[in-house]
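Please load the model in a viewer and keep the selection panel at hand.

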Amino acid sequence: MTGPTRSDTVTDTKLMREALRLARRGLGLTSPNPMVGAVIAKDGRIVGKGYHRKAGSPHAEVLALRETGAEAAGADLYVTLEPCSHFGRTPPCTDQVVSAGIRRVFIAWQDPNPRVNGQGMARLKEAGLQVHLGLLEAKARRLNEAYHKFITTGLPLVTLKTACSLDGKIATREGESRWITGEQARRFVHRLRAHHDAVLVGAGTVLADDPELNVRLVRGRNPRRIVVDSRGRTPSTAKILSSCKPPVIIATTSQASAEWRNRLAETGSEILLLPERDRKVDLGALMKALGEKEITSLLVEGGGTLAAGLLEAELVDKVWFIFAPTIIGGAEAPSAVRGRGAAHLSDAWKLRQVRLRRLGDDLAIGGYLPSSPLSE
């Protein structure tokens with residue numbers, strides 16, 4: 001399909017940027033669905049807007065059409081993801097786009113979902129609509145990277161976050177860790193929690209810090225909380241088990257006694273009995289189980305042992321390391337990543353698409369792991 005003329009390109013880009021801005025309003029709310037925004041315009045003038053609010057609710061295109069009404073006839077639709085053409089939790093959007101009399105459809109990104117992937121565009125073209133694909137595609141893909149990972153692999157996007165001193169320590173030799181980083185950094189972490197489906201820690205973190213892992217410093221919904229506890233060490237009195245809903249998932253193995261599993265189940269926790277690898281929870285099996293629960297994004301806030309296990313198993317997609325301008329020192333002070341580590345620099349994990357963020361006096365460094373399908 002021939003693209004817009006040069007004089008139209010600036011307007012089209014502006015309208016798609018507005019659709020992306022709308023889509024971002026669904027951050028942390030739409031899983032397992034993608035975030036989608038839609039704008040309807042006539043002669044460059046916006047006449048309707050919409051964004052997807054949560055799974056099971058009307059899609060962005062439908063909401064934009066409702067707001068537009070009769071003005072949709074002969075108008076242009078700008079949407080951040082290919083409209084669906086199948087019955088899922090809601091009816092197909094393509095039929096409503098066609099029946100409304102839309103003239104042209106600009107789509108940022110083709111939906112990787114096999115139930116849609118190209119079929120939505122085909123339906124629109126068959127009905128005589130002009131379809132333009134790829135406007136601000138990279139931004140649309142990045143916005144929905146968790147959806148992309150989940151829909152193409154069945155696994156959640158895994159983000160490893162750690163807060164540490166300049167020398168990579170996450171606590172002193174006596175175990176003191178509150179607070180290494182400052183207020184802005186902690187707000188950043190709470191925002192990450194609100195934008196992820198679930199947050200994961202190990203039993204060691206529960207024992208050392210007794211965290212709640214909820215969202216307090218920013219507005220947003222609480223993620224599901226998951227504890228990896230291979231041997232059954234989490235006490236039934238831990239704050240994480242009672243601080244908020246939904247119930248905590250305890251990932252464990254047959255090493256943990258049935259008595260302990262029953263005791264934690266009585267707190268309302270969901271016990272997930274998984275196979276072992278090297279006498280620990282098989283982290284690959286855990287990711288598969290979380291995918292089956294439609295957890296599309298996972299924030300890891302555990303200690304150095306859990307971080308090393310996930311990195312060594314090539315299960316991490318991206319990282320955020322937040323460095324405080326503090327030096328702790330000491331061989332006995334725990335490090336952000338333990339495990340065996342790289343024997344040679346060529347074996348070290350090198351980030352791609354590196355980003356920097358200043359958070360008060362602290363500095364956050366983020367990037368993607370080469371093993372991640374999202375690093376390309």
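A salt bridge is here a side-chain nitrogen of Lys or Arg within 4 Å of a carboxyl oxygen of Asp or Glu. The model is predicted, so local features require pLDDT of at least 70 and side-chain atom pairs count only at pLDDT 80 or more, whereas totals for chains, interfaces and linings use all residues. Residues are numbered from 1 along each chain as its sequence is written, and side-chain values use heavy atoms, with hydrogens and water left out.

**Charged pairs**

Select Asp317 and Lys149 to begin. They form a salt bridge whose closest N and O atoms are 2.7 Å apart. Asp317 lies in the loop between helix H11 (304-312) and strand E14 (318-323), and Lys149 in helix H6 (residues 145-153), so the pair ties together parts that are 168 residues apart in sequence. Helices (H or I, at least four residues) and strands (E, at least two) are DSSP runs, numbered from the N terminus. Both Asp317 and Lys149 are buried; buried means under 20% relative accessible area, exposed over 50%, and partly exposed in between (1.4 Å probe, protein chains only).

Next, select Arg186 and Glu183, a salt bridge with its closest N and O atoms 3.1 Å apart. The two residues are three apart in helix H7 (residues 183-195), and are therefore separated by about one helical turn. Arg186 counts as buried at 17% relative accessibility, whereas Glu183 is partly exposed at 41%.

The structure holds 17 salt bridges.

**The sheet**

Now display the strands as a cartoon. Nine strands form an open sheet of mixed pairing, in the order E10-E9-E8-E7-E13-E6-E14-E16-E15. Strand E10 (270-273) and strand E15 (352-359) stand at the edges with a single partner strand each, so one side of each is left without a neighbour in the sheet. From one strand to the next, the twist averages 20 degrees.

Two strands count as paired if DSSP finds at least two bridges between them. Select strand E7 (residues 198-202) and strand E8 (residues 224-228), which pair in the parallel sense over five bridges. Val201 stands opposite Val227 in E8.

**Helices on the sheet**

Return to H7, which packs on the sheet and touches E14, E15, strand E6 (157-164), strand E13 (297-300) and strand E16 (362-368); contact means heavy atoms within 4.5 Å. The direction of H7 makes about 160 degrees with that of E14. Axes are lines fitted to C-alpha atoms, for helices over the stretch in contact, and angles run from 0 to 180 degrees between N-to-C directions.

Finally, select H11, which lies across E6, E7, E8 and E13 and runs at about 115 degrees to E7.
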